[in-house]
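The sequence and structure are shown first, and the description follows.

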Amino acid sequence: MKDTEILTSIRKIVRSVNLESKRFEKEYGISIPQLLCLNFLNEQENFRASHKAIKEFLQLNASTVTGIISRLEGKGLLARLPSQDDRRVGYITLTAKGA
């Protein structure tokens with residue numbers, strides 16, 4: 001297979017993923033990374049995890065995860081819970097609506 005054919009195939013795959021992602025977001029009102037975040041929290045003990053654990057699971061940078069969490073929080077799908085022991089640490093938890 002030539003380099004051009006490989007690049008064309010990759011472009012088609014990326015285009016298909018982008019189209020499906022847009023369709024999903026339009027239908028359900030959340031993006032694929034947001035869905036992955038909700039699913040991750042749903043599988044955790046007490047339906048909560050740290051920002052760092054979510055970041056590591058999604059394999060995204062911290063600022064991107066912060067944006068995902070903020071948008072989901074704005075939709076009422078999750079909430080931030082501050083730690084009682086350390087104000088610098090907090091947990092992200094699913095709400096009833098998010099579950």
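## Basis of the description

Contact, in this report, means heavy atoms within 4.5 Å. The model described here is a predicted one.

Three strands form an open sheet, and their order is β1-β3-β2. The pairing within this sheet is antiparallel. At the edges stand β1, covering residues 48–50, and β2, covering residues 78–82, each of which pairs on one side only. From one strand to the next, the twist averages 30 degrees. In general, the strands of a sheet pair through backbone hydrogen bonds, in either a parallel or an antiparallel manner.

Strand β3 comprises residues 90–94 and pairs with β2 in the antiparallel sense over five bridges. Within this pairing, A79 has T93 of β3 as its bridge partner, and R80 is partnered by I92 of β3. The pairing of β1 with β3 is also antiparallel and extends over three bridges. Here the bridge partner of S50 is Y91 in β3.

## Helices across the sheet

Helix α2, formed by residues 32–43, lies across β1, β2 and β3. Its direction makes an angle of about 95 degrees with β3. Helix α3, formed by residues 51–58, lies across β1 and β3, and runs at about 85 degrees to β1.

## Packing of α2 and α3

Two packed helices are described by the angle between their axes and by the distance between those axes. For α2 and α3, the angle is about 125 degrees and the axes are 10 Å apart. This value makes α2 oblique to α3, and the crossing of the two helices is right-handed.

The residues that meet at this contact can be listed for each helix. From α2 come P33, L36, C37, F40 and L41, which meet A53, I54, F57 and L58 of α3.

## Helix α4

After α4 comes G76, which has a positive phi near 75 degrees.

Helix α4 packs with α3 at an angle of about 110 degrees, with the axes 10 Å apart. The two helices are therefore roughly perpendicular to each other, since angles of 65 to 115 degrees count as such. In this contact, H51, I54, K55 and L58 of α3 meet A62, V65, T66, I68 and I69 of α4.

## Residues in the loops

Is S31 buried or exposed? This residue, situated in the loop between α1 (3–28) and α2, has a relative accessible area of 13% and is buried, because a value under 20% counts as buried. When neighbours within four places in sequence are left aside, S31 is in contact with F24 and E25.

N46 is found in the loop between α2 and β1. Its relative accessibility is 53%, and N46 therefore counts as exposed, the cut-off being over 50%. The C-alpha atoms of N46 and T93 are separated by 8.0 Å, although the two residues are 47 residues apart along the chain.

The loop between α3 and α4 contains L60. With a relative accessible area of 30%, L60 is partly exposed. Apart from neighbours within four places in sequence, L60 is in contact with K55, V65 and I68. The C-alpha atoms of L60 and P33 are 9.4 Å from each other, and these residues are 27 residues apart along the chain.

Key. Residues numbered from 1 in each chain as written. Predicted model: local features only at pLDDT ≥ 70, side-chain atom pairs only at ≥ 80, totals over all residues. Heavy atoms only, no water. Pairing = 2+ DSSP bridges. Helix = DSSP H or I, 4+ residues; strand = E, 2+ residues; numbered from the N terminus. Axes fitted to C-alpha atoms, helices over the stretch in contact; angles between N-to-C directions. Parallel < 35°, antiparallel > 145°, perpendicular 65-115°, else oblique. Left-handed = near helix turned anticlockwise from the far one by under 90°. Buried < 20%, exposed > 50% of the residue type's maximum accessible area, 1.4 Å probe, protein only.
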